[in-house]
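Take a moment to look over the sequence and the fold. Then read on for a short tour.

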Amino acid sequence: MELSKPTLLREDDTLILCTDGWWGPLTGKLITGALLRNDLMKAIPELLDLAELRAGADSDNLSVVAMNWAEKHAGTLAGEVSTQTLVLDGVSTQLGDFSKADNSDLTDEEIERAIEEIRAAIRKHMPQKRQ
C-alpha cells in the first residue's frame, strides 16, 4: 500500500467534518458558495437548515463541525501545540482543567432562552404519537 503525501493546511483553509445527512442534499457548489459569502457562524446554520429542507421527510442525521485554519500569531504560547512544530505522524493530547471558575456567566434570561431552544429542537424531531 502506497501512502500519499500529507496535505498541508494553509491559513484560512476551511475544514468540515459532517454526516451524509448534511452534505447529501447539498451540492459542492452550494456549500462552497455559502462559505465564500459568509463566515462559518452564519453559513453553517443556514446550510443545516437548507439540507434539512431539501431532504424533507427523508432527512437523516444532520451533524457538522467546521473550522477555519489559522496560525496568525508569531510563536507558541506555553502549553500550546502548533501544527507547524508538531512532528509528522506525531500525536498530542491536551486535557483542560474545567474545575476553574469561568467568568463568562450567562444571565438567567440567556439560560432560559437556551433551554427553550433545546426543548423546541426536541419537540421538532420527536415522533408524533398516533391516537
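The paragraphs below go from the whole chain to single residues.

This is a predicted model, in which local features need pLDDT of at least 70 and side-chain atom pairs count only at pLDDT 80 or more, while totals for chains, interfaces and linings use all residues. Residues are numbered from 1 along each chain as its sequence is written, and side-chain values use heavy atoms, with hydrogens and water left out.

Start with confidence. The predictor scores each residue from 0 to 100, and this score is called pLDDT. The protein chain has a mean pLDDT of 76. In it, 63% of the residues reach 70 or more. Among the elements, helix H2 (residues 28–37) has the highest mean, 93. Helix H4 (residues 108–125) has the lowest, 81.

Now the layout. The protein chain holds 4 helices and 2 strands. Helices (H or I, at least four residues) and strands (E, at least two) are DSSP runs, numbered from the N terminus. Along the sequence, the pattern reads β-α-α-α-β-α. Of the 131 residues, 12% are buried. Buried means under 20% relative accessible area, exposed over 50%, and partly exposed in between (1.4 Å probe, protein chains only).

Helix H2 comes next. Which of its residues are buried? They are Ile31, Gly33 and Ala34. These residues lie on the same side of H2, because they cover an arc of only 165° around the axis. The arc is that of the directions from the helix axis to the C-beta atoms. Lys29 and Leu36, on the other side of H2, are exposed. The buried residues of H2 pack against strand E1 (14–18), helix H1 (20–23) and H3.

Finally, look at the charged pairs. A search of the whole structure turns up 2 salt bridges. A salt bridge is a side-chain nitrogen of Lys or Arg within 4 Å of a carboxyl oxygen of Asp or Glu.

One joins lysine 42 and glutamate 46, with the closest N and O atoms 3.7 Å apart. The two residues are 4 residues apart in helix H3 (residues 40–55), so about one helical turn separates them. Lysine 42 is partly exposed, at 42% relative accessibility. Glutamate 46 is partly exposed too, at 38%.

Glutamate 109 and arginine 113 form a salt bridge as well, at 3.5 Å from N to O. They sit 4 residues apart in helix H4, about one helical turn. Glutamate 109 is exposed, with a relative accessible area of 59%. Arginine 113 counts as partly exposed, at 43%. An α-helix has 3.6 residues a turn, so residues three or four places apart point the same way.

Terms used
Contact means heavy atoms within 4.5 Å.
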